[in-house]
Amino acid sequence: MLDSFDRAILRIVQRDNKMPQRKIAEAVNLSAAAVQRRIAAMEAAGIIERNVTIVDPAAVPLAITAIVEVHLRDERSTTVDPAKALFRAAPEVQQCYYVTGGTSFVLVIIAPDMRAYEALTRRLFATNDFVDRYRTLIALDRVKTDTALVIP
């Protein structure tokens, strides 16, 4: 169970996980050693899943952000499970959600250009019997992307 100190620490490290622990300690009124122990405990418990660097796609350059609705031929586990595995294994798939409401999955895909995106759609959708159809929305602008959760 997270207490108010853990929640305060999480709010800070979600925004800047390279902030020195002594500064985090000052912000939450704990010792640096206590902050270090709490962060290590949250990592061990899987509350903090990873520490990553967020890269601007335009800087590398990855020009295409596609939001894709995927409709499977059916929702049986023998269809859904391989689809989950395929989408999970594709590095271009940044996010994947198994959803309700007539669509099976919603994916966020990043690609360098339309040619690469087309090749990816052939690999992920067109050559897989479990995919009935898909619909692509190309993002015109990254208005907001964030990874931080609102921690009560």
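Visitor: Two strands pair if DSSP finds at least two bridges between them; in which sense do S2 and S3 pair, and over how many bridges?

Guide: S2 and S3 pair in the antiparallel sense, over five bridges, and within that pairing cysteine 96 stands opposite leucine 107 in S3. Strands here are DSSP runs of E with at least two residues, while helices are runs of H or I with at least four residues, and both kinds are numbered from the N terminus. Please keep in mind that this is a predicted model, in which local features need pLDDT of at least 70 and side-chain atom pairs count only at pLDDT 80 or more, whereas totals for chains, interfaces and linings use all residues. Residues are numbered from 1 along each chain as its sequence is written, and side-chain values use heavy atoms, with hydrogens and water left out.

Visitor: Okay, and what sits between those two strands?

Guide: S2 and S3 form a hairpin with six residues between them, and glycine 101 in the turn has a positive phi of about 95°. Serine 104 is also found in the loop between S2 and S3.

Visitor: Is serine 104 buried or exposed?

Guide: Serine 104 has a relative accessible area of 2%, so it is buried; buried means under 20%, exposed means over 50% and partly exposed lies in between, using a 1.4 Å probe and protein chains only.

Visitor: What does serine 104 touch, then?

Guide: Leaving aside residues up to four places away in sequence, serine 104 touches Val70, His71, Leu72, Glu75, Tyr97, Tyr98 and Val99, where contact means heavy atoms within 4.5 Å. A polar atom of the serine 104 side chain also lies 3.0 Å from the backbone nitrogen of leucine 72.

Visitor: Switching to helices: which residues of H5 are buried?

Guide: In H5, which covers residues 114–126, the buried residues are Tyr117, Leu120, Thr121, Leu124 and Phe125. They cover an arc of only 105° around the axis, so they are on the same side of H5; the arc is that of the directions from the helix axis to the C-beta atoms.

Visitor: What do they pack against, and what is on the face turned away?

Guide: The buried residues of H5 pack against strands S1 (64–72), S2 (93–98), S3 (105–111) and S4 (131–138), and also against helix H4 (77–89). The face turned away from the buried side carries the exposed residues Arg115 and Ala126.

Visitor: Which residue caps the N-terminal end of H5?

Guide: That is aspartate 113, which has a side-chain oxygen 3.2 Å from the backbone nitrogen of arginine 115.

Visitor: And H3, which of its residues are buried?

Guide: Ala34, Val35, Ile39 and Met42 are the buried residues of H3, and seen down the axis they fall within an arc of 130°, so they line one face of the helix. They pack against H1 and helix H2 (21–28), while the face turned away from them carries the exposed residues Arg37 and Ala44. Just after H3, glycine 46 takes a positive phi of about 85°.

Visitor: Which residue other than glycine has a positive phi, and where is it found?

Guide: Asparagine 29 has a phi near 65°, and it is found in the loop between H2 and H3. Its relative accessible area is 67%, so asparagine 29 is exposed. Most residues other than glycine have a negative phi.

Visitor: New topic: how many salt bridges are there?

Guide: The count comes to nine, taking a salt bridge to be a side-chain nitrogen of Lys or Arg within 4 Å of a carboxyl oxygen of Asp or Glu. One of them joins the side chains of aspartate 3 and arginine 38, at 2.9 Å from N to O. Aspartate 3 lies in the segment before helix H1 (4–15) and arginine 38 lies in helix H3 (residues 32–44), so the pair ties together parts that are 35 residues apart in sequence.

Visitor: What about arginine 15, which residue does it meet?

Guide: Arginine 15 meets aspartate 146 in a salt bridge, at 3.1 Å from N to O. Arginine 15 is in helix H1 and aspartate 146 is in the segment after S4, so this pair ties together parts that are 131 residues apart in sequence. Arginine 15 is exposed at 58% relative accessible area, whereas aspartate 146 counts as partly exposed at 42%.

Visitor: Which residue forms a salt bridge with glutamate 69?

Guide: Arginine 135 does, with the closest N and O atoms 3.2 Å apart. Arginine 135 lies in strand S4 and glutamate 69 in strand S1, so the pair ties together parts that are 66 residues apart in sequence. Elsewhere, salt bridges that share partners join Asp3, Asp6 and Arg38 into one network.

Terms used
A polar contact is a pair of N or O atoms within 3.5 Å; within protein, one must be able to donate a hydrogen and the other to accept it, and residues adjacent in sequence count only if both atoms are side-chain atoms. Two strands pair if DSSP finds at least two bridges between them.
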